[in-house]
Amino acid sequence: MDKIVIHGGKRLSGTIPVSGAKNAALTLLPCALLTEEPLTLRNLPRLADIDGFQHLMNQFGISTAIAGSRPEDFGRVMTLQATRITSTVAPYDLVRKMRASILVLGPMLARMGEATVSLPGGCAIGNRPIDLHLKALEALGAQIEMAAGYVKAIAPDGGLPGGRFSFPVVSVGATENALMAAVLCKGKSTLHNAAREPEIVDLCNLLTAMGARIEGIGTSDLTIHGVPRLHGATYMVMPDRIEAGSYACAAAITGGEVLLKGARIEDMEATVQALRDTGVLVEPREDGLYVAANGPLRPVTLSTAPFPGFATDMQAQLMALLCKAEGSSVLTETIFENRYMHVPELNRMSAHIETKGRTAVVHGVDTLTGAEVMATDLRASMSLVIAGLAAEGETQVHRLYHLDRGYERLEEKLALLGAQIERIGAD
Ligand code: UD1
């Protein structure tokens, strides 16, 4: 299997383009199920998860075409058209590889009156149930059945009536599924304590462009007035705030500077605040966000939380940066249990991190040292790359399929900043 080899200690400096957001793309793609007309998405990142989702959509009989992209470009344009849907089943084999497949449940149900999706099962960063997705769809009028590892959602004759649901826990995916079902309901729906991550706003904006009627966009109380049909649209995927935050940490840990072209500060205020608290300089610019190291790193104390709080998807990368702070930081992970798989690997690189339950204490060290490492999830893998960029000697990061799920051409972007990094094939 491929690996990434990094020779650490190079100061990063330069400009890199921020790609389209993976997590936005994964909820915009299933919107193609909601209309017979073409949906064109621009700025889709080139990632394994997007290819996987395209494959899943093809499985339903949806045509997909990629236009006008040269191999050297970042991002792609994809047009999807669900003129006829020939299957309403998302099979185990595809769902197992890509948990976000569950996001077809709501729109497929709304369009076809039924949808069957394999249960996603466990996941490396915790249990990750889908009970809230199902309860929200039930509140909109769906009947849910479970059999043989599959969940089947059925709408009453004549379609989903719509309804009211209050989320007991903020869930990004369950909010997305409920929204994509509610837009085609017969009546009005209200969602309370809904997630309000920027990716949810992106979803609402696309749905609105397709003719949906949604009130409260950007808040945790959404009112959706169902419409009989939606039409096609052309839409630009938002910039990836997590990718941007990751490269900010990468530049900062090397004492360097980066212009994150296209990054929007309003999507990542909590990350920006955390970076500033460590002493890193972050300034909005007309075309993005400028990030520069600014003297010794200070330790911080913070907890992950739903948006606008500090994103759980940035926890591992910030932790890598804090390994080099002058003092001890305290991080608490409140969203997922078991999201510290990067800790033993960082410690193998001479970091000094102790975990107790949901809390990690990161004692800053003077020197990180290169090692062979691997991680079991996407953001954990990125934290090892960040540590490797600052480590003495050579770091080899294995299990690249995690990074390929979420970072478009990672090694090329880091090389643009002057990193000594290369991907080496198995043989
Ligand atoms: C999404 C993101 C992921 C991010 C996470 C939290 C995508 C494709 N993934 O994941 O990168 O880390 O948001 O910001 O956008 N929960 C339940 N029952 C449910 C659903 C969730 O109990 O039915 C719990 C989860 O176990 C977790 C919490 O709710 O503790 C938040 O999860 P959720 O926001 O749903 O995460 P995802 O949508 O899976």
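V397 is placed in strand β23 (residues 394-398), where strands (E, at least two residues) and helices (H or I, at least four residues) are DSSP runs numbered from the N terminus. With a relative accessible area of 0%, V397 is buried, a class that means under 20% relative accessible area, while exposed means over 50% and partly exposed lies in between (1.4 Å probe, protein chains only). Although V397 and V5 are 392 residues apart in sequence, their C-alpha atoms are 6.5 Å apart in space. Leaving aside residues up to four places away in sequence, V397 touches K3, I4, V373, L384, V385 and L403, a contact being heavy atoms within 4.5 Å.

The model is predicted, so that local features need pLDDT of at least 70 and side-chain atom pairs count only at pLDDT 80 or more, whereas totals for chains, interfaces and linings use all residues. Residues are numbered from 1 along each chain as its sequence is written, and side-chain values use heavy atoms, with hydrogens and water left out.

Helix α7 (residues 198-209) has 12 residues and reaches 16 Å from its first C-alpha to its last, close to the 16 Å expected at 1.5 Å a residue, the expected span being 1.5 Å times one less than the number of residues. Its buried residues are P198, E199, I200, D202, L203, C204, L206 and L207, and what covers them includes α1 (22-28), β3 (39-44), α6 (172-182), β12 (213-215), β14 (233-236) and α8 (241-253). Just after α7, G211 takes a positive phi of about 105°. In helix α5 (residues 131-139), the buried residues are L132, H133, L134, A136 and L137, and they pack against α4, β8 (143-147), β9 (150-154), β10 (164-166) and α6. Helix α5 is followed by G141, whose phi is likewise positive, near 115°.

Charged pairs come next. Side chains of opposite charge can pair when their charged atoms come close. Counting a salt bridge as a side-chain nitrogen of Lys or Arg within 4 Å of a carboxyl oxygen of Asp or Glu, the total comes to 15 salt bridges.

| Pair | N to O distance |
|---|---|
| R46 and E408 | 4.0 Å |
| R96 and D93 | 3.0 Å |
| R241 and E199 | 2.8 Å |

The side chains of R46 and E408 meet in a salt bridge. Because R46 lies in the loop between β3 and α2 (48-59) and E408 in the loop between α13 (401-406) and α14 (410-416), this pair ties together parts that are 362 residues apart in sequence. R46 counts as partly exposed at 23% relative accessibility, whereas E408 counts as buried at 2%. R96 and D93, by contrast, are 3 residues apart in helix α3 (residues 92-97) and therefore separated by about one helical turn; R96 is partly exposed, with a relative accessible area of 45%, and D93 is partly exposed, with 42%. R241 forms a salt bridge with E199, and this pair links distant parts of the chain, with R241 in helix α8 and E199 in helix α7, 42 residues apart. Both R241 and E199 are buried.

On a 1 Å grid over the protein atoms alone, a cavity is a set of points where a 1.4 Å probe fits but cannot get out, a pocket is an open set with protein on both sides within 12 Å along at least five of seven lines, and lining residues have an atom within 4 Å of a point. Grid points are joined across faces, edges and corners, and a volume is the space filled by probe spheres set on the points. Helix α9 (269-277) and α8 each supply at least two residues of its lining, with α9 giving the most, 3 residues.

The second largest pocket holds about 340 Å³ of space. It is lined by 21 residues, of which A110, R111, L184, P228 and R229 lie nearest its centre. Helix α4 (residues 105-112) gives the most to this lining, with 4 residues.
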